[in-house]
Amino acid sequence: METINNQFQYHVSNWKHFALALIACSLLLFLSAFFNIFFFDITTHLIVAICMLVVSSLGYIFIVYSNKLDEISNNGVFFKSISNRGVWGWLLGVLLTGFYVLLYWFPSTLEGLIRLFDPLSQILRSKPSDNWFLYGSFYTLAVLIMGVKFGMKYRHNRYQLIRTISVCFFQLIFAYLIPAFLIKMNQPEFYFTYFWPLKKEMLYPNDLNYLYQSGELGKFMVWWAVIIALIGVPILTYFFGKRWYCSWVCGCGGLAETVGDPFRQLSDKSLKAWKIEKNLIYSILLLVVILTILLWLNSLWSGKVLGSFSLVYSKIYGFLIGSVFSGVIGTGFYPILGSRVWCRFGCPQAAILGLLQKHFSKFRITTNGGQCISCGKCSTYCEMGIDVRAYAQNGKDILRASCVGCGICSAVCPRGVLKLENK
Amino acid sequence: MVDDFLQTNIPNVYAIGDCAEIRNPNFGRKPIEAVWYTAKMMGEIVAKTICGYPTAYQPGIWYNSAKFFELEYQTYGSISTVANTEIESLFWMDESQKKSIRIDYSKVNQNVLGFNLIGIRYRQNVCENWIKHRISIEYVINNLKEANFDPEFFKKYESHIKQLFIEKQKNGNYK
């Protein structure tokens, strides 16, 4: 008897079985490293694990997407366990959250996996691996593999293809290879695509001072950090809206768009969520601004007035906002709360970019309102929980602080009602 | 049967949607239009009237849209379905045969009458303006990109269509 629930069973072919089996094998290789069991020498074990994972997942992706129609298919997304908070969704959520907890606070438990990446770390950084290198490697691998999946799913939409290539490029080159290379060259480990307040240290007095003292490149980095945060951001946001960063450059955004794509429909669309979002995100912005000012005051007054208060404040902020919110909840909760929890409820960069977008930008989503049939796909797949349909039905432009310009609403609209424009 | 205010022959009784036949439809519209959006428009009109602001039903130019599998379809204005000696039709299709544009225009006055679009998105207000103000096909062909509503980075076809139109003018027909 075919019920609604099982009409979306996969039609599994032999090749699909094979690809899935290979994926499972590659994951087992990583798992065995976690338990310090190496089947070969570390280098071979790492190469085999990564190659097997890449080849099998790419194979699986191509098999799944090769005979689909030339359109975006979200068939069964609310019936599949992984994408609708089912058992698989929760399992994945627990796994991701668990990994983050271990990574941040119990890195010694990951010793096996960390040592597995020693060979790669030696090549890229000329030093042994550590928990952050492990994290960066997994992160970049995830963005690239799921970036291919995303590209296959949305392959008939050039905006999505180019945007995904951009995000994969910035993650691989600027957020992984360049920082590693800087370490190899004994230069400060610097991330050109992150700036204050997302990476708040970029405008901290001690950090800037350290960079400035470290050499010519360090001086350049200081100028870069200041200019991009205070001049580059407003100018780029004026022309393109917040999307130039949140959907095209930022690594958090990159992960959210690639790995988080299967979960975008889980974002909360309620007015209550919007209210919490506004209160939370601007509060966090205020916190980080106060924190930065406190640190500068403390530095200027040589710690006489504030003593260690600013440092305590900094530690608490770093723990709660930087680690728990941004890392553990932000990514670990993808399968439960959707892909952009940090971006929507916490990121102070998003708060600033959002204010600029709303009041000082040419970007908006224009609507061909008469053709809107009210299907609601735009609102369903909006990862920021914006009720796009309401704007479309009334023929109004969507100009919202939270809109990251991912373009998915426009891509899934069956009647061509939405267009991202810099008017 | 209803009048311009969608009122039947009985006072304070209105009819909207599939069951309403308009006695004097606007130019370019039909007496009965049983499509997805007309009922909603009629409903809004009657609501205004009932609330004390008598409003006549004035739909703009005819339009519609649909999607068949992966093909998006949009239409604005009127496209003739039979050969017509007074109407000229410019038809362009891309190599993949999944995108096409048809523009009907008057042979005599050269003003555009309607657009059929498959796989390409157009702005309703631009097309409506062009049709309402009887803009010439020449102007439309030269300013086609004003109507384009495709997402950024999508391929642009305006120059191909212009080429086709020029050939058509030259040869009296194309291909």
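**The domain interface in chain B**

Modeller: In this predicted model, the C-alpha centres of domain 1 and domain 2 of chain B are 29 Å apart. Domain 1 of chain B runs over 1-60, and domain 2 over 63-170.

Now the contact itself. Domain 1 of chain B brings 5 residues to it, and domain 2 of chain B brings 4. Between them the two domains bury about 410 Å². Carbon and sulfur atoms carry 49% of that area. On the side of domain 1 of chain B, the residues that lose the most area to domain 2 are B:Trp36, B:Tyr37 and B:Gly60. Together they make up 78% of what that side buries.

The touching residues of domain 1 of chain B comprise 3 nonpolar, 1 polar and 1 charged. Salt bridges between domain 1 and domain 2 of chain B number 0. Polar contacts do occur: 2 residue pairs across this interface meet the rule, both at pLDDT 80 or more.

Finally, the chain around the interface. Chain B holds 4 helices and 5 strands. Their order along the sequence is α-β-β-β-β-β-α-α-α. The C-alpha trace of chain B spans about 60 × 35 × 25 Å along its principal axes. Chain B has 175 residues, and 42% of them count as buried. Among contacts in chain B with a separation of 6 or more, 47% join residues 24 or more positions apart.

Methods
Residues are numbered from 1 along each chain as its sequence is written. Chains are lettered from A and ligands numbered from 1 in the order in which they are written. This is a predicted model: local features need pLDDT of at least 70, side-chain atom pairs count only at pLDDT 80 or more; totals for chains, interfaces and linings use all residues. Side-chain values use heavy atoms; hydrogens and water are left out. Domain bounds come from an automatic or database domain assignment. Contact means heavy atoms within 4.5 Å. Buried area is the accessible area (1.4 Å probe) that two parts lose on being put together, summed over both. A salt bridge is a side-chain nitrogen of Lys or Arg within 4 Å of a carboxyl oxygen of Asp or Glu. A polar contact is a pair of N or O atoms within 3.5 Å; within protein, one must be able to donate a hydrogen and the other to accept it, and residues adjacent in sequence count only if both atoms are side-chain atoms. Ala, Val, Leu, Ile, Met, Phe, Trp, Tyr, Cys and Pro count as nonpolar, Asp, Glu, Lys and Arg as charged, and the others, Gly among them, as polar. Helices (H or I, at least four residues) and strands (E, at least two) are DSSP runs, numbered from the N terminus. Buried means under 20% relative accessible area, exposed over 50%, partly exposed in between (1.4 Å probe, protein chains only).
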